[in-house]
Amino acid sequence: MDLSDHQRPLISDRVTVNGSVTPLALLADGRLWWSEGTYRCVSIEKDVIGFVSNGPHIKIKTLVETRDGCCTNGAPGRLVRNDVVFKPSSEETRELWCQKLREFIDSLGRPKRLFVFVNPFGGKKSAKKIFFEQIKHLLEDAQIELTVQETKHQLHAKEIAYSIDITKYDGIVCVSGDGILVEVVNGLLQREDWAMAIKMPLGVVPAGTGNGMAKSLLDSVGDLCAVANAVHAIIRGHKRSLDVATIKQGETRFFSILMLAWGLVADIDIESEKYRWMGSARLDFYALCRFFNLRQYIGCVSFVPAPGFEAYGEPTSYPGKSSSKGNNTDPSEGESVNLQKLCYKGPEINLENLNWRVINGPFISIWLHNVPWGAEDTMPAPDAKFSDGYLDLIIMKSCPKLALLSIMSTLNNGGHVKSPYVTYLKVKAFSLEPGPRTKDPEKEGIIDSDGEVLARGKGTYKCEQKALMAYGKLQITVDQGLATLFTPI
């Protein structure tokens, strides 16, 4: 390999690597090139997480992709440590190497200070172990200053995000499933300085049950949904925008970044909690229970279709103000005492001037998704984008059980959307009017968003527990690219 074929080096030297003297150069495009038997090259931006000077040696700390076996069929490989240690020719050149390496890494705009939430209760309750055994040393090798907070109870992360001094950090990282990330977004948007706070880059490391956001981010570039890949993305500091949905009932709001479900999916997600002792198998087990005892729900959905989806449903007028049962306050009656006066209110959209359409039930399932993956093995919305300003709506009405079994078996690759029994479209705004079960009108359903129960109807699992909203009409709007995520590229 001839260096004349490449850019002029920022620094070059004859160094010692594994006892052999070899030329080493840091090129202007950020590649580190040397010869060690054969020519080798690593990218500072892509492969290097940091470096350390120890005596006369410099250790370049890298994460590089490796594949097991001789045939992987194009499957993504694992990221493994493969550090490079070299000895510069003199003390003077060692100092110059450190200076040039630091200048180049600093020019990449990587985070230097992170606030890290660790959720010890989610999933298999392994987040704390994952953090100390797999995450902490990687972030420290990248010379990132860490402030670590274990969550103590539900909504703890939301409380901290609401009050944290965001000027002290370059990002917030959630070592958890999706729940802590959702709490952080809701906390940031309820601040008086929400417009600045929501620009804080958010990172997620998969350590929970679902890990839908981490899977969506990593899969979008063909990476494994693995801890090292997620941490690597945070260290590199690339960012992308994320749509945020505002779910509103009266003056009560919940900010969603992942999904909303009513019907079959919500029932499986929430009612299967009674079988938590089964681990992740509880979802498959309870899905079969619901399959053999299938429910349908009376209700209707209204929506503003994205361009190209205007043929779905029937024309209807604007669904109007959100009405509800219980203690929620209607917008015309003044502001709820629970709503911060200066917090984010949702996107400014004149909904009355939009072209609304309606689909009436009964329904087996209504599923609204913001990103492609709902869990590591569930891909409800294969066409979903992170910041296109739309939500992907998946509707299932009547369906023979054999076809339903086929639909459920293809959720892991998005093949269910090709079924004639599934309606799949994109919407800009959405209104849900949920009703009772068709075969048991005395019982209603559950509305679930991002793994949390928004509303519990009559006769549902733990219906005696208070929920954020009543089981009644709610409205959803989308704010394009409102939040920011650390992303692999």
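Modeller: Start with the cut-off: a disulfide is a pair of cysteine sulfur atoms within 2.5 Å. Keep in mind that this model is predicted.

Colleague: How many disulfides does a search of the whole structure find?

Modeller: The search finds 0 disulfides. Take Cys 98, which is in no disulfide. Its nearest cysteine sulfur belongs to Cys 41 and is 20 Å away. Cys 174 is in no disulfide either. There the nearest cysteine sulfur is that of Cys 225, 14 Å away.

Colleague: Is Cys 98 buried or exposed? And Cys 174?

Modeller: Buried means under 20% relative accessible area. Cys 98 has 15%, so Cys 98 is buried. Cys 174 has 0% relative accessibility, so Cys 174 counts as buried too.

Colleague: Now the pockets. How is empty space found?

Modeller: Rolling a probe the size of a water molecule over the atoms shows where empty space is left. In this model, the second largest pocket holds about 330 Å³ of space.

Colleague: Which residues lie nearest the centre of the second largest pocket?

Modeller: They are Lys 46, Glu 65, Leu 79, Asp 223 and His 232, from a lining of 16 residues. Strand S6 (57–66) and helix H7 (227–236) are the elements that give two or more residues to that lining.

Colleague: Which element gives the most to the lining of the second largest pocket?

Modeller: H7 does, with 4 residues.

Colleague: How do the residues of that lining divide by type?

Modeller: The lining of the second largest pocket has 8 nonpolar, 3 polar and 5 charged residues.

Notes: Residues are numbered from 1 along each chain as its sequence is written. This is a predicted model: local features need pLDDT of at least 70, side-chain atom pairs count only at pLDDT 80 or more; totals for chains, interfaces and linings use all residues. Side-chain values use heavy atoms; hydrogens and water are left out. On a 1 Å grid over the protein atoms alone, a cavity is a set of points where a 1.4 Å probe fits but cannot get out, and a pocket is an open set with protein on both sides within 12 Å along at least five of seven lines; lining residues have an atom within 4 Å of a point. Grid points are joined across faces, edges and corners, and a volume is the space filled by probe spheres set on the points. Ala, Val, Leu, Ile, Met, Phe, Trp, Tyr, Cys and Pro count as nonpolar, Asp, Glu, Lys and Arg as charged, and the others, Gly among them, as polar. Buried means under 20% relative accessible area, exposed over 50%, partly exposed in between (1.4 Å probe, protein chains only).
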